[in-house]
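Subject: Structure handover

Dear colleague,

I am passing on the structure below, and after it I set out what was found. Please read the notes with the structure open beside them.

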Amino acid sequence: MSETVTKPKTRTKTKVERPKLHKVILINDDYTPRDFVTMVLKAEFRMTQDQAYKVMITAHKLGACVVAVFTKDVAETKATRASDAGRAKGYPLLFTTEPEE
């Protein structure tokens with residue numbers, strides 16, 4: 001009679017981390033028309049007219065305003081597309097990103 005040795009099976013549990021989030025920030029300038037800024041906010045960030053106006057006015061008063069928070073890739077893409085929309089019309093419209101704390 002032979003003895004069989006069985007070993008317990010071990011399972012490796014992978015730990016999944018949430019992706020780091022980044023803020024998209026609207027930087028105020030004195031040249032881009034308010035209507036154009038609200039149009040870009042509505043188009044790129046899917047805001048209502050009222051939300052876009054509030055974000056634009058906050059950036060105007062404080063110099064900058066957080067528009068939204070996304071994963072890094074999405075935040076950078078949206079910031080680039082929104083800034084490019086301003087450049088296409090000849091405005092210095094600027095959106096930046098930074099990591100959320």
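How many of the residues of E1 are buried? Five of the seven residues of E1 are buried, so that this strand is mostly covered, where buried means under 20% relative accessible area with a 1.4 Å probe and protein chains only. Please note that this is a predicted model, in which local features need pLDDT of at least 70 and side-chain atom pairs count only at pLDDT 80 or more, while totals for chains, interfaces and linings use all residues. Residues are numbered from 1 along each chain as its sequence is written, and side-chain values use heavy atoms, with hydrogens and water left out.

The strands (DSSP runs of E, at least two residues) and helices (runs of H or I, at least four) are numbered from the N terminus. Three strands form an open sheet in the order E2-E1-E3 with antiparallel pairing, pairing being at least two DSSP bridges between two strands. Its edge strands, each pairing on one side only, are E2 (64–71) and E3 (94–99).

Strand E1 (residues 21–27) is joined to E3 by six bridges, among them those of His 22 with Pro 99 and of Val 24 with Thr 97. Seven bridges join E1 to E2, and Leu 21 stands opposite Thr 71 in E2.

As for the helices, H2 (residues 49–62) lies across E1 and E2 and runs at about 125° to E2, the angle being taken from 0 to 180 degrees between N-to-C directions of axes fitted to C-alpha atoms, for helices over the stretch in contact (heavy atoms within 4.5 Å).

With kind regards

Key
Buried means under 20% relative accessible area, exposed over 50%, partly exposed in between (1.4 Å probe, protein chains only).
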